[in-house]
Amino acid sequence: MSGHRRWHECDGKSVHASGLGRAGRCRAGAGGVRRQGTRGGAVRTVRCRHPGGTGTAAQPDRTVMADNGDGTVLLARQPDLVLADVATPDVPTPGAPAQSLDGPAALHGTVPVPIDVDAAGRRQLIAGFGVGLSDASAWLIRNRLDEDARKSLLRELFDAQSGLGLRLLRLAVGSSEFARDRYSLDDVPPGQQDPNLAQLSIERDREAVLPVARSALAVNPALRFVAAPHSAPGWMKSSDSLVRGTLRPEATAAYARYLRRFVDLYREEGVPVFALTLQHQPRAEPADAPGMLLDAAARVALAGQLAPGPGGTRILELDDSWDAVDDALKVLGDPAAQAHLAGTAWHCYGGDVSAQTAVHDAYPGKEIYLTECSGGTWAPGFGDGLVHFGGTAVVGAVRNWATGIMLGNLALDEAGGPRIGGCAGCRGLVTIGADGGVVRHPEYYALAHASRFVRPDAVHVTSTGPVDGVSNAAFANADGSLVLVVVNAATVPRDIRVRTAERTFGARLSSASMATYVWNVPE
């Protein structure tokens, strides 16, 4: 069954919340969105209201997408919840009738999970949420979508008012595994070298990556670009190839100039690089895709050659999984490197997210970014994917001091490509089919739960949890509103009781679901 696009306008006089549920297949086009639903999770959005009246508008122009043509609910606003004074004696208690995210229901006598939000407990600033724009993603957007569909998808992803409001976009320096062919910015025939970088060019990126990056920036001028090199040019490496090998020590200075030139050329093209990582997955040496071993000592040397960051670009250490925490601490422990590095970059594929807190505790002045976390065919279930990305990549990373979060590829095709090697089962935030159809995956919705509501200049604030499979992250927006993203990873519904110093409300989350609540702090 196919549904239709429908927009519910918020009245701007209450608090919103959002929870996730069923998967949908959507086709973007000039006429809107067609969705075919399959059973899975469910996204809900709820507004909270003061007893006896409504509160001040948090964001009067808030709109949230809902498609109920076939019973599918995705990022849909739900009925208002009561936002009461903490001291009010008649606040609903467990066992008493209460509004539910699943419709009229009672709390059934269960003990709700307490979530205490301390709006004054300010932690890290939030740079934003985003995704990766690989050569593969850009090519698909440019070649499989017509102009109207392309503009529609970019507005959906990057528009801060009507879309997801993504504010971070990861780029590869040269090709990653997700490209149509292998290339660096300075390729020469085998056995030759180019120490003066006379052959360096970004012409290859002008085909797709740069046009799509500029289009996204036009939709959201606050967009920030984070670049990651997968390999130095082959002539700088021990393998004389983009595949395998490590950077030859005598090529470190030339490689630093190469990376600086990339930043300069992209700025000239209207795509300023906000941050640059030293090396994408420096412990990996893939046999079929661009990659390069770069140990801690080599990264320390490269950081010294790059400093200060070209044009104010931040330099980030590691760009690898959480199980490389000791490696990151080794680099940060070098006084010279520490002075040059703005922070660390992390992936979600190994170890535990608490590694971010270990680095923060040792170096509290350094920023932390989750720069890659891809979904794939290894986890096909919609509900499982939703709570994984919601609980680990969004809530978990933020609670462990991430200031910015980026997932995997923006878009891949039905086979997880185009790709030249590397990950055989990865999928994009969306899949773009040969017919121009766009399928949105669980990580799309998990990301939307934060990116649509956590505004620029927001601050992560203290909240209690996790408890009984329920985790959360709380944020204070600059406009005075509070945002609470909640994930229920349990296989049963959970009741919650949310409290700030002044206000409280209760709600129920279905199993394997997410919810996002937005309300105002009283003056």
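At the start of helix α2, a side-chain oxygen of D146 comes to within 3.2 Å of the backbone nitrogen of D148. This is a predicted model, in which local features need pLDDT of at least 70 and side-chain atom pairs count only at pLDDT 80 or more, while totals for chains, interfaces and linings use all residues. Residues are numbered from 1 along each chain as its sequence is written, and side-chain values use heavy atoms, with hydrogens and water left out.

**Helix α2**

- Helix α2 covers residues 147-158, and its 12 residues reach 16 Å from first C-alpha to last, close to the 16 Å expected at 1.5 Å a residue (the expected span is 1.5 Å times one less than the number of residues).
- Helices here are DSSP runs of H or I with at least four residues, and strands are runs of E with at least two, numbered from the N terminus.
- Among the buried residues of α2 are A149, L153, L157 and F158 (buried means under 20% relative accessible area, exposed over 50%, partly exposed in between, with a 1.4 Å probe and protein chains only).

**Disulfides**

- You will find 2 disulfides in the structure (pairs of cysteine sulfur atoms within 2.5 Å).
- One of them joins C348 to C373, with 2.1 Å from S to S.
- This pair links distant parts of the chain, 25 residues apart: C348 sits in the loop between β15 (343-347) and α8 (355-362), and C373 in the loop between β16 (367-372) and β17 (375-376).
- Both C348 and C373 are buried, and their link is right-handed, with 90° about the S-S bond.
- C423 and C426 also form a disulfide, with sulfur atoms 2.1 Å apart, and this link is right-handed at 100°.
- C423 is buried at 19% relative accessible area, and C426 is buried at 10%.

**Aromatic pairs and charges over rings**

- The whole structure holds 7 aromatic pairs (ring centres of Phe, Tyr or the six-membered ring of Trp within 6.5 Å; planes under 30 degrees apart are stacked, over 60 edge-to-face, the rest tilted).
- One of these is the tilted pair of F262 and Y266, at 4.4 Å centre to centre and 40° between the planes.
- F262 and Y266 lie 4 residues apart in helix α4 (residues 252-268), about one turn of the helix.
- F505 and W519 have ring centres 5.3 Å apart and planes at 80°, so they are edge-to-face.
- F382, Y444 and Y445 make up one aromatic cluster.
- R440 lies over the face of Y444, 5.9 Å from the ring centre (CZ of Arg or NZ of Lys within 6 Å of the ring centre and within 35 degrees of the ring normal).
- R123 lies over the face of W401, at 4.1 Å from the ring centre.

Key. Polar contact = N/O pair within 3.5 Å; in protein donor to acceptor, adjacent residues only side chain to side chain.
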